[in-house]
Amino acid sequence: MYGGGTRALSDVSFEVARGEFLIIIGLSGSGKSTLLRCINRLIEPTSGRVVFAGRDVTAAPPQELREIRRKIGMIFQQFNLVRRASVLTNVLTGRLGYLPPPWALANYFPAPLVDRAMANLERVGIPEKAFVRGDALSGGQQQRVGIARALMQEPELILADEPVASLDPATSHSVLRYVEELNKRDGITVLCCLHFLSLARRYGTRILALKAGQIVFDGRPNDINEARFAEIYGEDAIEVEIR
Amino acid sequence: MAVEEFSPPRRAGRARPTLWYRSWRVHLAVFVAILAYAYGWRVTQIRMAELWRGAYLIRPFIGALASPDVVTREQHVQRGTALFYYGGERPAAAPGGGPSLALSTVTGAIGDRVTAAGEGFAPNRRGVLWWENQVGQRQQLGSFTTDAQGRFSLTFTAPEVQGTHNLVIAEVLIGEGPLRPSQTLLVVLDRMVETVFLALMGTTMGVVFAVPLSFLGAKNLTASLPAGGAIYGLTRTFFNLMRSIEALVLAIIFTVWVGLGPFAGVLALGVHSIASLGKLYSEAIESIDAGPIEAVTATGASALQVVRYAVVPQIVPQFIAFTIYRWDINVRFSTVIGFVGGGGIGFVLQQYINLLQWRQAATALWMIAIVVAALDYTSAVVRERII
């Protein structure tokens with residue numbers, strides 16, 4: 001799906017099948033975030049091609065790129081909510097790509113959309129927070145708003161950039177369970193960067209390991225043994241369990 | 001490996017730093033500073049003695065500050081009049097009614113001694129005798145006190161005036177009305193309102209143009225545009241150039257352009273505000289969190305939508321704070337913009353000072369001080385609430 005030669009990533013080429021829960025692991029700076037951002041071109045790859053659902057993302061002109069982005073939801077390590085806006089508005093921004101610009105600039109969202117935003121908030125379990133400001137929520141709640149925002153796009157693919165790295169273990173599980181549910185129930189393909197191998201083994205259907213911008217492992221979660229682990233994270237690394 | 005600090009000194013001088021009063025650098029710096037201040041003293045013509053010598057000139061003003069012209073009372077006056085003609089012509093009988101004033105003679109020449117006798121006035125009151133010439137100019141002849149029967153008598157010398165037909169007037173103050181604002185206060189108040197609104201219009205003009213421009217002057221937003229660097233550079237250069245021209249200079253230029261009056265002041269403050277606010281706004285935009293921009297971009301939103309949903313919510317409080325702050329500066333500034341004909345309270349203040357009307361000038365100064373301080377305080381409170 002992505003191939004090319006850049007400084008952050010080089011010679012990375014892989015395909016993701018519809019419905020997969022692909023987890024990308026690797027040390028900090030190994031190129032995980034760059035890889036995810038190249039897929040929806042938040043970072044322009046200097047060379048190589050990204051193909052999404054038969055469309056060449058890397059060659060898409062601005063208008064088409066926006067149409068492609070609509071189908072790719074993204075959630076972030078720092079949640080990236082607009083702090084001063086209400087939770088509901090934050091969720092509704094997920095729909096901006098579908099709206100005629102004048103409506104959206106006037107902060108007008110049609111009633112069916114608002115209903116759907118509320119439904120999505122209900123789905124992630126925080127409907128009562130709809131009118132609270134984004135920065136009034138806890139980390140886990142903010143990430144759930146991030147998921148609801150991505151859901152508004154009716155995405156076929158969700159890119160999750162270390163979605164639980166800022167959260168405690170219990171909250172990490174609860175957030176990842178929501179992502180897993182989207183993957184299992186709605187059939188949304190998920191590409192997710194994670195730090196903890198234990199989480200990767202628990203949620204992933206496939207694991208991709210990056211080291212210095214190159215793929216060093218691509219396979220099923222259970223195939224990562226100690227030798228593989230040392231290869232990915234370096235000789236001195238000790239695996240930290242998170243349950 | 002030996003650490004630098006612990007290695008033995010290679011040169012003796014390095015081991016012990018020179019004491020500061022032995023260092024030639026310090027001596028040179030002191031010498032240069034003395035030269036600079038000596039020259040500065042001369043070139044700015046500082047003459048402390050003038051402060052003493054000129055003190056008497058400003059003393060009335062200091063006194064006036066303590067008694068600004070703010071209130072006045074309506075005065076109830078009893079008036080008696082009598083005609084006095086120069087050149088032999090005899091006037092007709094004086095108009096009757098009320099207290100009466102009689103002169104020892106009703107015709108004469110300059111320098112004649114004339115006795116004025118009045119009756120029917122309020123008893124035991126102080127009064128003033130006036131001489132009013134043919135064109136209504138008054139001068140005081142003397143003052144008197146009425147006796148228990150309301151009579152008085154005063155002898156005066158017929159003054160040297162133009163014209164022949166004169167009126168002698170006796171006025172006795174019998175009471176005062178309630179306090180009411182003086183004419184000066186009303187004028188000053190009127191101008192102060194004009195001043196505040198001048199600042200408001202100038203600031204508004206600044207905001208209207210600075211907001212859109214500030215987006216072009218923010219590096220993080222222009223970076224993704226084609227020719228973004230050039231747009232950023234141009235906008236910032238415009239801000240810096242316009243900011244470097246004082247609003248007072250702009251006001252002079254605009255008075256030539258659109259004529260004297262508050263409109264020139266509005267334009268001057270407006271243009272200066274565009275530059276100042278634009279720079280502040282741009283810097284506020286540059287300091288926002290990039291995360292939400294990334295998130296909203298990733299949803300497929302257009303550039304305009306990204307600005308509306310990811311940038312604007314983050315900058316609104318700072319924009320409001322900067323705007324209030326600017327308005328505050330503009331109010332202070334619009335008090336002097338009248339000095340160059342740009343309208344506002346500065347115009348009347350300058351007039352009062354030029355005419356040595358110190359009490360009126362004091363009224364204007366107090367008005368400026370009170371209004372500016374009040375706005376200062378309010379804006380500080382509002383800004384604190386917002387941020």
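**Close-up views of a two-chain predicted model**

Residues are numbered from 1 along each chain as its sequence is written, and chains are lettered from A, ligands numbered from 1, in the order in which they are written.

**View 1. Start of chain B.** Residues 1-9 of chain B stay under 50 in pLDDT. The model has 3 contacts for them beyond four places in sequence; a contact means C-beta atoms, placed from the backbone, within 7 Å. Where pLDDT is low, the predicted coordinates should not be read in detail.

**View 2. Where chain A meets chain B.** Chain A brings 22 residues to the contact and chain B brings 18 residues. On the chain A side, α2 (62-70) and α4 (101-105) each supply at least two residues. Helices here are DSSP runs of H or I, at least four residues, and strands are runs of E, at least two, numbered from the N terminus. α2(A) gives the most, with 4 residues.

**View 3. Around α2(A).** Its buried residues are A:R66, A:I68, A:R69 and A:R70. Buried means 20 or more other C-beta atoms within 10 Å of the residue's own, all placed from the backbone. Their cover includes β3 (49-52), β4 (55-56) and β5 (72-75) of chain A, together with α10 (290-298) of chain B.

Definitions and conventions:
Predicted model: local features only at pLDDT ≥ 70, side-chain atom pairs only at ≥ 80, totals over all residues. Contact = placed C-beta atoms within 7 Å. Buried ≥ 20, exposed ≤ 12 C-beta atoms within 10 Å, placed from the backbone. pLDDT = per-residue confidence, 0-100.
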